[in-house]
Amino acid sequence: MLVLTGENALHARGAHAADATSPSGVDVVALANLVRAQARQIHDLQARLAAVETRTRHGEEPGRHAVSHPASYRPGTTAGSPAAPARLVDAASRPGPRTVPTGAQQGRTAPPAVMTAAATPDGWVQPRIGNDGTSIHMVYPLQAAPPGSLGAVSAMPSGSSPVLGVESSIPYSGRTTKVGGLILKWGKGLPEITTPDDQYSFKMRGRILADYGGAFGSRYQDQNVSRTILRAVRLGVEGRAKQLSWVFEGDYSDNDVTVVSAYATWSDRMAGHLVEYTLGNKFNERGFDGSTGSAESVFLDRDIVANAILPVKGWYGLGGAFKIFGKSWHVAAQITGDDVNSANADQNLRDDLTYELRTHWIPWRNKDGLIHLGAWGFYEDVKPGAKFSQRIRILARTDDAFSARINTIPLANSAAGGLELFGIWKTSWILGEYGVRHMQFRRSFGDVSFGDHTGTVQAASVQAGLFLTGETPNYFAHTGQWAAPRVLDPVTDGGWGAWEVALRGDWLDAWSVPGGSRSSSVTAGINWYLVNYMRMMLNYTHAHVNNKSGPYPGATGGNIVGMRMGITF
């Protein structure tokens, strides 16, 4: 008896079916061809499984661990090998199937992998592991990117809008899904909705920064406090429609609702350079640390230069801004009034008008390091008032009482400027800043005469840090400031996260100002980044302050241990 198996049987059935007439009108030939194709697929799958079993029996060790992503994953994705840098393999020499552990599902069979490469706009060639086009695998730990490249950060700075061609060029390492022709990116837990051509996007944004501080050692007992605060609780939205991007964000900390970011940005090209035009209430550029958002600063609070050399209007201002960008530089100019939350509208008062300018330049960089030079300044015309006061926190925001205080006659105007020097070498970084502010006080207010008084405030800060786990310092070269880091081995994928240690010294001299102050402090910090968008922080600060006036006059010292849980989405 002759027995037909596999495709021979299918061919025989197909030949017989060609002469038969189906009573239901079904095309039997087409059905037989379909069954034959399925049989081939089953045969191929069996061959792949057999190859995997053979390789496993021969003791082949799979890679560290990998996470599978859909084919819609952005091509500018970093990847690496835990043992050695990834080797680029030509597609013609594609290896056979192998078992690749994927997150929680260790030991799943993965399709044949091929090593390819993609380049970001700043020239960094990023290896990645993919397969036949159905998925892409992230192999952890990732490779560290060169300093200043887009691969060194995981997101735009929190004070920036999603500018076309910049935000979309940052390598994306989260999961994506497709729904109704739209792409949903799940990198921070909430979806960012984008079109396949990346011309339109929309997402929710926000941050939660929960702080604890325990202060001790001051001769004033009111300054020795232990308390918790919500440094920031923000929720907002941002979107982009080609060249137009916008941001609206509110803050809900201190049981009060305030508008922080509410602006629109139009991006364009001018003489071959990217330019941005912004209108609205926006975080202002002023120094390296002063231009960095609270979610990205290395320590619990920014340095003394950012906190002391501050215009009367504060950190935000309602007005217009212009920025122009080169390959290794940018210039930002702003004209703003007071913050949108100012009480001026209720009291029918004019704004404090502030003119600001900042620029940065990277004169040298290579695959291991870079040097950043920066300069900034502002001039402000201050509205009339009965007095001028400024409180500069020295320990942390959990201890408002321990501050350098300036309590004096009303301010007429001030002019300020500063310099920045920043450098990266492999996983370490160092930053030095200096700022000075010349203050001209009013001769009179109402019927009260004060005479002619001026004063100068100077501040300097030096800080340095090191990533112990191999990450590149999270420097955003586009605007010369800190951004969110790219964690090479996230906790969510079985790694240790990123660990950073840092040290900072701050110095302030406002003694020439009537009712001025002096202070100095040293801060040590440890940061643990569990993932790109979440970190735990521990700081210790020892400080001295000497106030001419105010509720705590004279010299005193103090210490604080501070902690933070921060998540930015």
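The following exercises, each with a worked solution, concern a predicted model.

**Exercise 1. The largest nonpolar core**

Determine which residues of the largest nonpolar core touch the most other members, and which elements supply the core.

Solution. 
- Step 1. The core has 30 residues, and the members touching the most others are Ile 304, Ile 309, Val 457 and Leu 508.
- Step 2. At least two residues each come from helix H3 (304-308) and from several strands, including S18 (369-381), S21 (411-425) and S30 (534-547). H3 gives the most, with three residues.
- Step 3. With neighbours within four places in sequence left aside, Leu 508 is in contact with residues including Ile 304, Ala 308, Val 457 and Arg 518.
- Step 4. Another core, of 13 residues, lies apart from this one; Leu 370, Ile 424, Leu 431 and Tyr 475 are among its members.
- Step 5. As a general point, nonpolar side chains in soluble globular proteins tend to be buried together.

**Exercise 2. The salt bridges of Glu 238**

Identify the partners of Glu 238 in salt bridges, and state where each pair lies in the chain.

Solution. 
- Step 1. Glu 238 forms a salt bridge with Lys 203, the closest N and O atoms being 3.8 Å apart. Lys 203 belongs to strand S10 (residues 200-216) and Glu 238 to strand S11 (residues 226-241), so this bridge ties together parts 35 residues apart in sequence.
- Step 2. A second salt bridge joins Glu 238 to Arg 205, with the closest N and O atoms 2.9 Å apart. This pair likewise links S11 with S10, across 33 residues.
- Step 3. Burial requires a relative accessible area under 20%. Lys 203 has 17% and is therefore buried; Glu 238 has 8% and is therefore buried. Arg 205 is also buried.
- Step 4. Lys 203, Arg 205 and Glu 238 are linked with Glu 249 in a network of salt bridges. The structure as a whole holds 21 salt bridges.

**Exercise 3. A bridge between loops**

Locate the two residues of the salt bridge between Arg 397 and Asp 301.

Solution. 
- Step 1. The closest N and O atoms of Arg 397 and Asp 301 are 3.7 Å apart.
- Step 2. Arg 397 lies in the loop between S19 and S20, and Asp 301 in the loop between strand S14 (273-283) and H3, so the bridge ties together parts 96 residues apart in sequence.
- Step 3. Asp 301 has a relative accessibility of 11% and so counts as buried.

**Exercise 4. Aromatic pairs**

Solution. 
- Step 1. The structure holds 14 aromatic pairs.
- Step 2. Phe 283 is in strand S14 and Tyr 316 in strand S15 (residues 316-325), so the pair ties together parts 33 residues apart in sequence.
- Step 3. Phe 422 lies in strand S21 and Trp 482 in strand S27 (residues 481-482), so parts 60 residues apart in sequence are tied together.
- Step 4. Phe 422 is buried at 1% relative accessible area, and Trp 482 at 0%.

Methods
Residues are numbered from 1 along each chain as its sequence is written. This is a predicted model: local features need pLDDT of at least 70, side-chain atom pairs count only at pLDDT 80 or more; totals for chains, interfaces and linings use all residues. Side-chain values use heavy atoms; hydrogens and water are left out. A nonpolar core is a set of buried Ala, Val, Leu, Ile, Met, Phe, Trp, Tyr and Cys residues joined through side-chain atoms within 4.5 Å. Buried means under 20% relative accessible area, exposed over 50%, partly exposed in between (1.4 Å probe, protein chains only). Helices (H or I, at least four residues) and strands (E, at least two) are DSSP runs, numbered from the N terminus. Contact means heavy atoms within 4.5 Å. A salt bridge is a side-chain nitrogen of Lys or Arg within 4 Å of a carboxyl oxygen of Asp or Glu. Rings of Phe, Tyr and Trp (its six-membered ring) pair if their centres lie within 6.5 Å; planes under 30 degrees apart count as stacked, over 60 as edge-to-face and the rest as tilted.
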